[in-house]
Amino acid sequence: VQEKDYTPDIRLTFPSGKVRFIETKGNGFAFDATEQRKLLDVKRQWPDLDIRITFYKDGKVGNRRKDGSFKTQLEWGKDHGFICSVGVIPDDWFIE
């Protein structure tokens, strides 16, 4: 794991002191292996952070699977333990 400084796109601090981070990501081309690795490194370095990801659209990531399909950004996020959405930041993310 590479140590990383982490500056989220959105930082929410609730009255209780709990903090939630929201990342906003573009299409599959912008969410490349380097960007994915950064998020995984941050998650490994600080496993207790509440980091959520909103993708602009559910683009393809990674290499083609044996069946010819690609993993989607949403699948990638969920596979790695992130709470994710596509298109909009859900209202309930702004509630503790």
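Predicted model: local features only at pLDDT ≥ 70, side-chain atom pairs only at ≥ 80, totals over all residues.
**Entry 1: arginine 65 and its partner.** I then checked what the side chain meets. Arginine 65 and glutamate 75 form a salt bridge, 2.9 Å from N to O. I noted that this pair links distant parts of the chain. Glutamate 75 is in helix H2, while arginine 65 is in the loop between strand S4 (60-61) and strand S5 (71-72). The two are ten residues apart. Glutamate 75 also counts as partly exposed, because its relative accessibility is 33%.

**Entry 2: other salt bridges.** How many salt bridges does a search of the whole structure find? I get eight. One of them joins lysine 25 to glutamate 35, with the closest N and O atoms 2.5 Å apart. Lysine 25 lies in strand S2 and glutamate 35 in helix H1, so the bridge ties together parts ten residues apart in sequence. Both lysine 25 and glutamate 35 are buried. I followed the shared partners and found one network of Glu23, Lys25, Glu35 and Lys38.

I also looked up aspartate 50. Its side chain meets that of arginine 52 in a salt bridge, 2.9 Å from N to O. Buried or exposed? Aspartate 50 has a relative accessible area of 15%, so I log it as buried. Arginine 52 is at 11% and counts as buried too.

**Entry 3: aromatic rings.** I searched the whole structure for aromatic pairs and got three. In one, the ring centres of phenylalanine 31 and phenylalanine 55 are 5.2 Å apart. Their planes stand at 70°, so I call the pair edge-to-face. The cut-off for that label is over 60 degrees. Phenylalanine 31 is in the loop between strand S2 (19-25) and helix H1 (33-45). Phenylalanine 55 is in strand S3 (residues 50-55), and the two are 24 residues apart. Both phenylalanine 31 and phenylalanine 55 are buried.

Tryptophan 76 and phenylalanine 82 make a stacked pair, 5.8 Å centre to centre with 15° between the planes. I find both tryptophan 76 and phenylalanine 82 buried. Ring pairs join Phe31, Phe55, Trp76 and Phe82 into a cluster. What sits over the ring of phenylalanine 82? I see the charged end of lysine 43 there, 4.6 Å from the ring centre.

**Entry 4: glutamine 73.** A polar atom of the glutamine 73 side chain lies 3.1 Å from the backbone oxygen of glycine 26.

Key
Residues numbered from 1 in each chain as written. Heavy atoms only, no water. Polar contact = N/O pair within 3.5 Å; in protein donor to acceptor, adjacent residues only side chain to side chain. Phe/Tyr/Trp six-rings, centres within 6.5 Å; stacked < 30°, edge-to-face > 60°. Helix = DSSP H or I, 4+ residues; strand = E, 2+ residues; numbered from the N terminus. Buried < 20%, exposed > 50% of the residue type's maximum accessible area, 1.4 Å probe, protein only. Lys NZ or Arg CZ within 6 Å of the ring centre and 35° of its normal. Salt bridge = Lys/Arg side-chain N within 4 Å of Asp/Glu carboxyl O.
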